[in-house]
Each structure stands twice: as structure tokens, then as C-alpha cells.
Amino acid sequence: MFDADFVTRFEAKINKTDGCWLWTASCAGAGYGQMKLPKQRKQEYSHRLAYMIYKGQIEKGRHVCHTCDNPRCCNPEHLFLGTSQDNHDDMVKKNRSTHGEKNPTAKLTEKDVREISACLDAGMSQRKIAMAFGVHQVTISKINRGIRWSRVTGQ
């Protein structure tokens, strides 16, 4: 798939430690290493290149996922193939998703949601609660029905 010169150039950009093999060259915005493919203008992520070099082809529609969750890691023992859903499920299972307060656009905190639940339990109107917390009534309704913030409310 790749000639020996390309593999040598690739391996020169990796710091092989005991665990993760860290990419030391150019990185994309999310921290994933990248390298230009031979005789092409296209960049490819370093973990995908590592998978192709050490494990083989990547079937169309497959993602190369990390067991270590380190975007710079190129250790083939830390890489596995999966679908987009597999990758998403792995992220959720490891609690790396940006839900709740981790989401930079969240207007509420977990403390706010607990207070909202208490107000709902006390019979306060959703509209008044929404005004007090600076959100739309629909947001309060979704919290009440367990559609949003269910990890906090236990619904």
C-alpha cells in the first residue's frame, strides 16, 4: 500500500513511548496528526495512516477509533475500526460527550436543573420557571418530561 520511504518518513514523526505512540508533526484543529499522502495534495490523519500501515485497508464508511482517546496516538494496538455509531457510542460510554455543563452553549448548570426540578415539584408554572432561569418554557417542559438533563433529574 505504501512504499518503504513513506513508512520511514511516517515513523520518523512518531514518539513511541510505553503506551501511546505520539504524533510529533502537523496536527489538525482537533489535535489529530496529519500527513500528506505521497504524490497527492490530500492530507490524511496519522491514526488512519497508522492503521493502514500496520493493520491494513480501511473499508469505506469505517472510522478508525482510539481505545486510548488520544487524538495524537498512532499505536496500532490502540486503534480499531468502527462505524460512526460505534465511535459515538464509545464516546458516550467513556463520558467524553459534551452534554450538560460540558456543552459550551449550555445555559443551565446541574444546580439550576435541580432547582428547576424542585420548582416543578412544588407546582410552580413552567412559564414562571423559564422566566426566572432565562430559558424558554419548552426547555422547562423537556426537563420535566425527562427529554433533557435526565442524568441530573434521574428520569
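Predicted model: local features only at pLDDT ≥ 70, side-chain atom pairs only at ≥ 80, totals over all residues.
Reader: How many helices and strands does the chain have, and what pattern do they follow along the sequence?

Author: Helices (H or I, at least four residues) and strands (E, at least two) are DSSP runs numbered from the N terminus. The chain has seven helices and six strands, and their order is α-β-β-β-β-α-β-β-α-α-α-α-α. The radius of gyration, taken over C-alpha atoms, is compared with a globule rule of 2.2 Å times the number of residues to the power 0.38. For this chain of 155 residues the radius is 22 Å, well over the 15 Å of the rule, so the chain is more spread out than a compact globule. Along the principal axes, the C-alpha atoms fill a box of roughly 70 × 30 × 25 Å.

Reader: How many salt bridges does the structure hold?

Author: Side chains of opposite charge can pair when their charged atoms come close. A salt bridge is a side-chain nitrogen of Lys or Arg within 4 Å of a carboxyl oxygen of Asp or Glu, and the structure holds seven of them. One of these joins Asp69 and Lys94 at 3.3 Å, N to O. Asp69 lies in the loop between β5 (63-66) and β6 (79-82) and Lys94 in the loop between α3 (84-93) and α4 (110-121), so the pair ties together parts that are 25 residues apart in sequence.

Reader: Which residue forms a salt bridge with Lys111?

Author: The partner is Glu115, with the closest N and O atoms 3.8 Å apart; the two residues are four apart in helix α4, or about one helical turn.

Reader: Is Glu44 buried or exposed?

Author: Buried means under 20% relative accessible area, exposed over 50%, and partly exposed in between (1.4 Å probe, protein chains only). Glu44 is buried, at 10%, whereas Lys42, its salt-bridge partner at 3.6 Å, is partly exposed at 45%. Lys42, Glu44 and Arg48 are linked in a network of salt bridges.

Notes. Residues numbered from 1 in each chain as written. Heavy atoms only, no water.
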